[in-house]
Amino acid sequence: MSERLTRAALVIILGAHATIAAIVFVKSTEPASDFDRYYQIASGRGRPYVDYPVEHPIGTLLTFKALASIPASGGGRASFGRGVVALNAVADAIVVASLVWAWGVPAAVYYAAVTLPISGLLFNRIDFWSMAAATLAMASWRRKRPWLAASALAAGASLKLWPLLLAPVLLARSSDRRAAAGMFALSAGALAAAALLFGGSASIIDVLTFRGARGWQIESSMGSLIHLAGASPIRFESGSLRTGTISGPASISLFAAAGPICLWAGWRCMRTGRVGTGWLASVSVLLVLSALFSTQYVGWLVPGGAIAWVERDRRSALSAALAVAVTDAFYVNYDQLIEGARWAMALVVLRNIVVLAIAVNAMRTLAAASLLEPDLEPQLAPVRVVEGSERRR
């Protein structure tokens with residue numbers, strides 16, 4: 001596809017994004033469980049995490065509070081909902097701009113096209129915020145802006161924890177290592193101090209256990225299998241449909257088990273020039289091992305898939321797109337999933353198998369990739385994989 005056609009495709013697809021965002025913006029004033037919960041947190045009285053439960057990290061809490069305090073026409077819950085959608089639209093634009101800045105228009109086209117089927121879902125949640133911060137961080141690192149990369153990554157981790165898995169890239173280039181590590185420590189330390197000031201240890205435990213949930217969410221790897229087997233009834237707990245039983249310490253242990261693998265992938269991706277593959281490896285491992293895999297979390301894979309696409313890791317990129325497509329297939333029939341339709345439950349299991357395959361393939365690709373010479377990562381062309389061997393374009 002020519003550059004002109006590629007740019008035209010991006011404009012058209014982004015027009016569809018804008019249309020969907022506008023529809024969600026108008027409807028955001030209506031009752032909706034997620035927006036209602038967000039506003040409940042934003043308008044909570046007393047000490048968050050202590051006097052009332054909060055399942056989101058400190059950055060998200062502070063953003064909710066800020067949105068609820070902005071005077072707007074209508075005020076209250078209605079203006080809050082519009083504010084969330086407006087921020088989502090800005091975050092979506094930041095992802096696109098960051099991809100164009102660091103990896104070109106084809107990466108942005110992949111991202112815009114793959115997220116289009118689930119864009120309505122994403123505009124109705126808050127995952128665009130962390131996706132934007134993580135993408136901006138990786139783009140800034142590639143463009144040799146270590147301070148911006150570090151601060152964006154710290155901000156992303158304060159919105160959702162998963163961007164923390166990409167932190168090792170800040171140490172991959174020796175010339176910028178000190179500046180990046182210092183800025184990240186300063187930014188992350190300030191946010192962590194704020195969290196502890198607000199809620200003490202509860203600000204960490206509540207986030208890791210999602211308000212102390214004791215069940216497997218029905219879209220998680222284990223939860224989908226329990227649901228398909230009919231081994232345990234489903235129930236609504238801590239904002240999600242869950243089945244079976246898992247303790248709080250076990251849930252935290254799963255996150256801890258994913259940590260070393262994901263951190264290795266984050267380090268390896270910059271040392272081999274495979275940023276997209278490393279992103280997909282880290283996020284997919286986390287999702288496979290998590291007790292909570294809400295539908296919108298599949299969006300976390302897409303920016304990594306976009307980068308992998310232009311880096312010529314087409315297998316990982318296409319697998320990420322497949323995971324989104326399968327997710328959309330059962331999400332549009334979510335009522336049947338809840339009611340126990342076997343085909344819908346099987347689709348969830350299939351989606352999780354695809355995510356597991358992404359993790360295995362991405363980890364193998366990273367392990368087999370050759371290390372780059374120090375300080376040359378941003379200048380090198382993407383790596384092309386041909387029949388198991390590697391060569392430069």
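**The sheet and the helix pair**

In strand S3 (residues 240-243), Ser 240 and Arg 242 point one way while Leu 241 and Thr 243 point the other way, and all are buried, where buried means under 20% relative accessible area, exposed over 50% and partly exposed in between, with a 1.4 Å probe and protein chains only. Helices (H or I, at least four residues) and strands (E, at least two) are DSSP runs, numbered from the N terminus. This is a predicted model, in which local features need pLDDT of at least 70 and side-chain atom pairs count only at pLDDT 80 or more, whereas totals for chains, interfaces and linings use all residues. Residues are numbered from 1 along each chain as its sequence is written, and side-chain values use heavy atoms, with hydrogens and water left out.

Strands of a sheet pair through backbone hydrogen bonds, either parallel or antiparallel; here two strands count as paired if DSSP finds at least two bridges between them. The open sheet has three strands in the order S1-S3-S2, with antiparallel pairing. S1 and S2 stand at the edges with a single partner strand each, so one side of each is left without a neighbour in the sheet.

Strand S1 (residues 216-217) is joined to S3 over two bridges, and Trp 216 stands opposite Thr 243. S2 and S3 form a hairpin with two residues between them, and Ser 238 in the turn has a positive phi of about 50°.

Ser 240 counts as buried because its relative accessibility is 8%. Leaving aside residues up to four places away in sequence, Ser 240 touches Phe 210, Gln 217, Arg 235, Leu 292 and Ser 294, contact meaning heavy atoms within 4.5 Å.

The helix pair comes next. The axes of helix H12 (residues 248-272) and helix H17 (residues 342-368) come within 10 Å and cross at roughly 50°, the axes being lines fitted to C-alpha atoms over the stretch in contact, with angles from 0 to 180 degrees between N-to-C directions. That angle makes H12 oblique to H17, since angles under 35 degrees count as roughly parallel, over 145 as roughly antiparallel, 65 to 115 as roughly perpendicular and the rest as oblique. Ile 261, Trp 264, Ala 265, Arg 268, Cys 269 and Thr 272 in H12 meet Met 363, Leu 366 and Ala 367 in H17.
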